[in-house]
Each structure stands twice: as structure tokens, then as C-alpha cells.
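Good morning, and thank you for coming. Please look at the sequence and the structure as I bring them up.

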Amino acid sequence: MELIELDDAQLSEIEDALEEYDNNHIKHSLTGQVRLGITLEGELIAGVHGVVTTFSILYISTLWVDESFRGKRLGKRLITELEGRVKNMGVNTLRADTFGFQGVDFYRSLGFTEVGSYTNEKDGYSEHFFVKQF
């Protein structure tokens, strides 16, 4: 046995092998994404991006509200609209992760359940993982 650095072809080979294995276990496969923004006088002040993954899950990859507009329920408005759209796509689970200084209380307030977290004392941060099923 030899430990090697993978070249592009070898990386594709293991990714294809994993996909083939996964396809034996994944019963629900959807595709799609949702990109929503809120503007004020033509300026973007908030937005969300979510990507549909396996098992009818939408991963919220980005959620942002301009600091001067936080606390005005724009994040809630975005997530509420996102939920309505993805339900129509067949999605039944939302997934998000956030750092401790970002949206922990926000996701909890919207009915998300924290399913895990960890703290990195050395670098001074924590990361939290949330799901919401409907």
C-alpha cells in the first residue's frame, strides 16, 4: 500500500464510486435551488440562498441581512418565503449551520432544532447545526 496525492482523474474516480454507492441508498432525489433577496430603493439589503440536496433536504447555504436592517424581521420573511417555495418542490427538511456569533437564536426562533454543535477554543468560535422538518 502506498499513500498518494490524487490527480484529477483519480479524484473523479472516487467521487463516481461514492455516488454509485449512495445511489443504492438514496430513495428521494431532488434538484433545485432558491435565491431570494429584499431590496430597498434598488439596494440589496437581505438575501438567502438554498440548495436542494439528497433526501428532499434544502441546505441554506447563505442567509444575510444588512446590519442596519437586522431585527426588522427580514430574515424571518426570507425563510418563510423559502419554506413555502420548497414545500412546492417536494422538500420536507431544511438544514442550516451557523457560527455562535451569527444566527443561533434566529434559527431557534423559527422552529429549527439544534442537532449538534462544537466549540473550537483555540480559534474562539462555535458552530451550530440546525434542521427543520415539515
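This is a predicted model: local features need pLDDT of at least 70, side-chain atom pairs count only at pLDDT 80 or more; totals for chains, interfaces and linings use all residues.

Which side-chain oxygen reaches towards the backbone nitrogen of alanine 9 at the start of helix 1? The oxygen belongs to aspartate 7, and it comes to within 3.1 Å of that nitrogen.

Strands of a sheet pair through backbone hydrogen bonds, either parallel or antiparallel. Here, 6 strands form an open sheet with mixed pairing, in the order 1-2-3-4-6-5. Strand 1 (33–40) and strand 5 (113–120) stand at the edges with a single partner strand each, so one side of each has no neighbour in the sheet. On average, neighbouring strands are turned by 20° against each other, direction ignored.

Within the sheet, strand 4 (residues 93–99) and strand 6 (residues 125–133) run antiparallel and are joined by 7 bridges. In one of the pairs, phenylalanine 99 has glutamate 127 of strand 6 as its bridge partner.

Helix 2 (residues 74–89) lies across several strands, including strand 1, to which it runs at about 150°.

Finally, the largest nonpolar core has 23 residues, and Val48, Leu58, Ile60, Leu82, Val86 and Phe112 touch the most other members. Helix 2 supplies the largest share of this core, 5 residues. What does isoleucine 60 touch, leaving out residues up to four places away in sequence? Among its contacts are Val48, Ile79, Tyr107 and Phe112.

Notes: Residues are numbered from 1 along each chain as its sequence is written. Side-chain values use heavy atoms; hydrogens and water are left out. A polar contact is a pair of N or O atoms within 3.5 Å; within protein, one must be able to donate a hydrogen and the other to accept it, and residues adjacent in sequence count only if both atoms are side-chain atoms. Helices (H or I, at least four residues) and strands (E, at least two) are DSSP runs, numbered from the N terminus. Two strands pair if DSSP finds at least two bridges between them. Axes are lines fitted to C-alpha atoms, for helices over the stretch in contact, and angles run from 0 to 180 degrees between N-to-C directions. Contact means heavy atoms within 4.5 Å. A nonpolar core is a set of buried Ala, Val, Leu, Ile, Met, Phe, Trp, Tyr and Cys residues joined through side-chain atoms within 4.5 Å. Buried means under 20% relative accessible area, exposed over 50%, partly exposed in between (1.4 Å probe, protein chains only).
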